2 protein chains.
Amino acid sequence: MDQLPNSRDAALRRRAGAVIPGGLWGHLDAARLPAGYPQYYQRAEGCRLTDVDGHTVIDFMCSWGPIVLGHRNPAVEEAAARQAAQGDAMNGPAVVLVELAEAMVAQIPAADWCLFEKNGTDATTACVTIARAGTGRRKILAARGSYHGAAPWCSPSLVGVTAEDRAHVLHYEYNDIASLENAVDQADGDLAGILVAAFRHDLGRDQEMPDPAFARRLRELADQTGAALILDDVRAGFRLDLGGSWEPLGIRPDLAAWSKAIANGHALSAVTGAERFRDAAAGIFTTGSFWCAAVPMAAAFATLTELRRLDGPAHMRAMGERLRAGFEAGAARHGLAIRQSGPAQMPLMLFEGDADFARGNAFCAAALRAGAYFHPKHNMFLSCAHTAADIDLALQAAEAGFAAAAAIG
Amino acid sequence: MDQLPNSRDAALRRRAGAVIPGGLWGHLDAARLPAGYPQYYQRAEGCRLTDVDGHTVIDFMCSWGPIVLGHRNPAVEEAAARQAAQGDAMNGPAVVLVELAEAMVAQIPAADWCLFEKNGTDATTACVTIARAGTGRRKILAARGSYHGAAPWCSPSLVGVTAEDRAHVLHYEYNDIASLENAVDQADGDLAGILVAAFRHDLGRDQEMPDPAFARRLRELADQTGAALILDDVRAGFRLDLGGSWEPLGIRPDLAAWSKAIANGHALSAVTGAERFRDAAAGIFTTGSFWCAAVPMAAAFATLTELRRLDGPAHMRAMGERLRAGFEAGAARHGLAIRQSGPAQMPLMLFEGDADFARGNAFCAAALRAGAYFHPKHNMFLSCAHTAADIDLALQAAEAGFAAAAAIG
């Protein structure tokens, strides 16, 4: 299959191969993507990315979530630069820490308090530690296959992980009340917390919104056992509902983990919680060298302000629905059966009968060459920078993708 | 004891008390400091910090390590702003990732490869995971009392931590070969790695440089057992020796963890390693939403360049020795016995017979009012922004501190 010229990207990958194990760590490793996807970028602006070989695409991954207002959003970058001109990492926080914590508590109905960290994994790990500290118990329930971070207790890989790292993690099936009740029984009075993703977004399978009855049962079981209901809103937070992804369900968690979109790409994560867990949160030791740095907090304050001003979730939903309608029409024109799932702000499109993702990969590779960056098996992300005109341009690129997918046997 | 007016700081602490558990998490909580120390800062420049009530001090904590060139270093901030104008968190890294990884490998003789994360804890945790992956074994040795991060496996607090989180961590005494050999025996053929801090810097006790015979024995035992020698250079890295803190000893680790000073306050950490562990490093899953962000990498590249240009460690050592000589003379003038320990770049001064730190606290509180920010029990940090004139000014402030310490019973 033809690919765009990529000599600079290829040269950088060769250099990286000498000094970085495997070329790149983690989820941004382009080896996990269809052939032709670039690894290195030179520029980002709004919803557009330009790779080191000069190809510009309309992007639907948003740095895998963090970019919620668009790259280099002026309000965010001005706030960050203003704070950077005063100070960033100091011997304590700047005023913006208090302003941001107050804004989080005001915006998130389930939050009586807030603390800040750097990674989503820091936040989910702190939630687990707070739940254990607050209950004096050990077991944590999590849905099988849900991603909650890269620490040994939750990493999707077992390489370098010991059995003891997961000794107190029990599993249930997302949206399956019977399996949840069974896991609570297994915890046998030692249940500290029930961890749940905002919706089911496991790699390579249809996304599932939480069944309202399942969510209610989670809340009931947490109440009955005294365990903490922990909402992992790291991936979905600030895209579905600015008050928390389960606000529309009317289910409020005891603890919630946030990161990704919180500061439009600046490194920050947060834990929010209910009054009942305030003392436990004060009692655990959680810290990092850069956790009081002021610039990412100034960026976060500006990001939340802009998201409220724009009604970001509504805009992203509308743009996601426009994209979905275009995918539906495009697939139909080419006689292709597709499945679209999850919230429109974080859409996933899979081809029917495409177990090896051959159609999905062909679709993405051809669309990329035509100017749109989609993902064949991970949920995508909309941002407030995507306009209707951008969606329509991306759908023209998708047309080339559907043609390529249809050409597969 | 008189304190400086602090009405803004007090008001912010009251507001924070409502929305942040305990007022502030972690090591920057001013409740851990002598009375009168501010919590909130409005401005930082070079080696000077200005709190929200407008008091400016010459600072000897450097944000507890990250600030190695001085706050708002022009070379670093220009490099960061230049990269920010292009892009930060994108769907993959920018060119500067490769440049920075190459610079790390060129600068650090023990490093054949490098990967980047956000927190020091991310780096020590990855070292442990890589050691386990590379050896197929589980036990990690660490010195009793050494700080290696805030994750459940290593946190200095047991609140919310389970016994299983530490099931495979065994302890030895820093600089004690017999205890080290005993711990290796306890690991009983299941030894994955030996973790060691660059020097002993436990809170509230005299610092100890590594005994060369102890360091050699660590290397021998790692070689004999096949375990990884893991140097935790998070706190000391880039202040003692730009090639790694144990280069002067001639002992090279298999894996090393870096953070704090690497990007002069921008959030970044790194793992470097020897060829033997490259495949293991490629095989583990370690990732985070902001770990490929380009701005902190551009800041790190500029920081390392400036540190080499200035011979940062030599400058910081000279300034630290000037501070020490002044402390020695000041204490003598007031008839006070003090002990100074550790590397001059990261000095610690304790008063003799001051088990409750009453003299140390009085010294610090009075010196703070007179314009210098010292710490009574944690190692301090010099930066390249400290000049001889700054040290001499700080020593004038220390004079008030010694007078206050001498006034105690």
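1. In this predicted model, the C-alpha centres of domain 1 of chain A and domain 2 of chain A lie 27 Å apart. Domain 1 covers 7–64 + 312–406 and domain 2 covers 74–310, the bounds coming from an automatic or database domain assignment.

2. Local features need pLDDT of at least 70 and side-chain atom pairs count only at pLDDT 80 or more, whereas totals for chains, interfaces and linings use all residues. Residues are numbered from 1 along each chain as its sequence is written, chains are lettered from A and ligands numbered from 1 in the order in which they are written, and side-chain values use heavy atoms, with hydrogens and water left out.

3. The two domains of chain A bury about 1700 Å² between them, with 60% of that area on carbon and sulfur atoms; buried area here is the accessible area (1.4 Å probe) that two parts lose on being put together, summed over both. Of the area that domain 1 buries against domain 2, A:Pro313, A:Pro343 and A:Met346 supply 26%, more than any other three residues.

4. Counted by contact (heavy atoms within 4.5 Å), 21 residues of domain 1 of chain A meet 18 residues of domain 2 of chain A.

5. Across this interface the rule finds 1 salt bridge, the term meaning a side-chain nitrogen of Lys or Arg within 4 Å of a carboxyl oxygen of Asp or Glu. Elsewhere in the listing of side-chain pairs, A:Asp206 and A:Arg339 meet in a salt bridge at 2.7 Å, N to O.
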